[in-house]
Amino acid sequence: MTHPFTKLTTTASSKPPPPLITFTFLLILCIIGFYTLHHPYPSPATPPLRNPQTALHFQKTFLSLSSNYTVSSYLRDLTHHPHLAGTEPSLDTVRYVQSHFEQLKFNTHTVEYKALLSYPVHASVSAHFSNGTTVELSLTEKGISQNAILDVVQPYHAYSPSGSAYGKVVFVNYGREEDYRALEAAGVNVSGCVVMARKGSVLSRSGVIFLAEAKGAIGVLLYAEWDRLRGGGVERGTVMRGVGDPLSPGWAGVEGGESLDLEDSEVSKRFPKIPSLPLSFENAQIILGSLWGGFVPQFLNDLGRVNGGRVGPGPTMVNLTFQGKKKVATIYNVFAVIRGLEEPNRYVLLGNHRDAWTYGAIDPNSGTAALLDIARRYALLMRLGWSPRRTIIFCSWDAEEFGMIGSTEWVEENLVNLGAKAVAYLNVDCAVQGPGFFAGATPQLDDILIEVTKMIQRLGGVDSDFASFVQHAGVPSVDMYYGKDFPVYHTALDTYTWIVGHADPLFHRHVAVAGVWGLLALHLADDSILPFNFLSYSDQLQENKDILSNLLDQRISLDPLTAAIKDLTSAAKDAQNEAKRLREQEHLGGVEILKIHDLNDRLMLAERGFLDTDGLQGRQWFKHLIYGPHDEYESKLSCFPGIADAISQSTSMSKKDGEALIQHEVWRVARAIQRAASALRGELT
């Protein structure tokens with residue numbers, strides 16, 4: 001086939017052009033060449049830096065557009081009925097959020113996944129006392145209407161195996177290793193018993209169950225801490241290990257895609273093998289008050305007010321029965337996109353999950369209402385002439401309560417694009433729980449957060465949807481909320497009425513969270529130079545390195561870590577100085593604009609350097625070697641989960657092997673920090 005340009009040239013060459021036309025053509029080419037040389041990126045591809053005063057005007061306008069009534073109306077609409085993921089009522093919230101974005105004229109779409117979810121069929125607990133009496137403990141929550149009893153899912157642990165456990169009861173406090181050591185010192189053996197634990201802040205729900213299973217228990221009863229639940233509620237939750245759909249570990253559960261069998265060892269290892277159920281505090285006290293047996297002084301503060309610190313075994317016997325069903329269900333993530341004007345291939349993501357165990361007024365729809373209000377305000381800004389420099393994506397996740405499934409599947413499906421294009425992920429789960437504003441972040445975002453809050457925490461847990469972004473994709477992230485705890489967590493009492501009566505009667509806190517959340521996104525989407533400061537990162541690493549040096553034997557060298565942190569500090573200083581010089585430029589030509597783009601790319605990609613393809617030992621999905629979950633134990637380190645794991649594991653190894661394991665993890669972290677420093681410099685070795 002003849003190329004069309006060849007044909008055009010042949011046809012046009014039949015008659016030579018006049019000299020004047022030739023001269024004019026050459027003159028135009030020279031002008032174009034001269035202009036291209038001096039203006040290699042003409043408008044509108046890379047327009048000049050935005051006027052800071054204009055940006056400030058839009059930020060102030062955004063804050064002025066707040067409305068308590070609007071946020072409260074969103075929340076009221078979202079919480080009319082329960083909306084557990086995978087159930088028919090949950091589709092109402094999908095349609096509500098999607099319709100809201102569409103009415104704002106945003107580019108809106110949904111993404112569906114197939115995921116294995118877990119629901120209860122039947123559950124019962126009976127206590128058999130030494131005097132021969134038996135009590136059937138009601139699993140129905142107090143203080144809720146008859147309609148609510150019929151509407152909400154009964155209290156249960158998702159992914160608990162079906163089965164019965166009948167045995168003497170042993171109280172194990174928080175169910176930690178140190179609690180079992182205290183029991184052992186008191187001569188108490190939990191093997192063959194049903195253990196009762198109270199949920200604490202160190203071990204996850206699954207951590208309590210799996211450790212009890214390892215200690216030989218045949219079942220677990222778990223209740224919330226006595227000073228958290230006083231209203232008769234019962235805390236539902238998942239007991240699956242890890243995050244994401246268990247049938248598609250590491251890849252997205254798309255229609256027609258690969259799906260493991262339920263019996264596959266990769267799937268089954270994520271579920272406990274002993275049944276468990278949640279109990280109300282009141283029911284837990286009935287059992288705890290009847291225990292005799294061992295006395296554990298360490299538990300006196302927790303149990304002394306009940307029965308003088310006696311922990312069992314028995315003589316009270318418990319019969320725990322649970323029947324559940326696991327089924328593949330369709331889940332729905334909803335997205336709305338505001339395309340960036342200058343850098344459309346750079347993404348700032350705002351996310352919140354939509355599904356709830358019951359009505360979800362606090363968890364998570366206080367966050368959903370704030371997200372919808374930010375979208376409303378951005379739409380009004382666009383009518384006033386604003387467009388973001390970078391693309392903004394609103395993310396409404398499904399099936400978070402079962403193990404961050406919706407967000408994890410999407411991150412796994414879009415991992416390469418997120419790695420190349422995601423600037424930051426801003427997460428809000430429970431926007432309002434009570435008094436006090438809290439924010440967690442990867443450290444390079446500290447400076448921009450300090451403008452709105454002085455309380456900075458880190459993102460090492462797997463408490464919400466930021467986990468996939470930080471710990472698997474290496475995307476800088478923020479998580480924020482009002483209040484640390486609330487007494488209706490995961491219960492049928494988590495209603496709009498409770499928020500109005502207790503958490504935020506006038507919705508001032510909801511408006512405040514939406515303001516902070518939306519303002520952060522405006523900075524990240526509009527600031528010409530990304531507001532990242534990696535000196536905060538190196539300071540945090542140095543602080544944890546100093547803590548680590550006090551925990552380790554001197555035979556383990558931290559020199560690799562010291563050198564790597566020093567290298568990152570140097571690279572961070574250079575980046576800060578470069579950003580300062582570029583901000584001070586009054587007139588920016590094409591070369592300077594290219595330098596800004598290059599600096600932004602390095603600031604964005606440096607976080608990816610902390611990822612390791614092998615991940616954490618035994619939990620390879622978690623790739624981040626600086627921030628990640630510890631392996632179900634208490635650690636003094638807020639960084640270095642792999643090193644913390646190695647320290648914990650070394651206690652059951654020979655001294656030589658334990659030191660070698662820790663030293664290897666130190667080297668792995670050092671190499672990760674060096675990768676981040678190299679990415680920040682943008683240079684090859």
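Where does phenylalanine 295 lie?

## Phenylalanine 295

In this predicted model, phenylalanine 295 sits in the loop that runs between helix H10 (281-288) and helix H11 (300-307). Its relative accessible area is 36%, and phenylalanine 295 is therefore partly exposed, a class that covers values between the 20% limit for buried residues and the 50% limit for exposed ones.

Although phenylalanine 295 and glycine 309 are separated by 14 residues in sequence, their C-alpha atoms are 5.6 Å apart in space.

## Packing of H3 and H18

Helix H3 (residues 52-64) and helix H18 (residues 508-526) have axes that come within 10 Å and cross at roughly 160°. Because angles over 145 degrees count as roughly antiparallel, H3 is roughly antiparallel to H18. The crossing in which H3 passes H18 is right-handed.

On the H3 side, the residues involved are Phe58, Gln59, Phe62 and Leu63, and these meet Ala514, Gly515, Gly518, Leu519, Leu522 and His523 of H18. Sorted by class, the contact of H3 with H18 consists of 6 nonpolar and 4 polar residues, with no charged residues.

## The chain as a whole

The chain comprises 23 helices and 15 strands, and of its 685 residues 56% are buried.

When contacts in the chain between residues at least 6 apart in sequence are considered, 80% of them join residues at least 24 apart.

Conventions
Residues are numbered from 1 along each chain as its sequence is written. This is a predicted model: local features need pLDDT of at least 70, side-chain atom pairs count only at pLDDT 80 or more; totals for chains, interfaces and linings use all residues. Side-chain values use heavy atoms; hydrogens and water are left out. Helices (H or I, at least four residues) and strands (E, at least two) are DSSP runs, numbered from the N terminus. Buried means under 20% relative accessible area, exposed over 50%, partly exposed in between (1.4 Å probe, protein chains only). Contact means heavy atoms within 4.5 Å. Axes are lines fitted to C-alpha atoms, for helices over the stretch in contact, and angles run from 0 to 180 degrees between N-to-C directions. Angles under 35 degrees count as roughly parallel, over 145 as roughly antiparallel, 65 to 115 as roughly perpendicular and the rest as oblique. A crossing is left-handed if the near helix is turned anticlockwise from the far one by less than a right angle, and right-handed if clockwise. Ala, Val, Leu, Ile, Met, Phe, Trp, Tyr, Cys and Pro count as nonpolar, Asp, Glu, Lys and Arg as charged, and the others, Gly among them, as polar.
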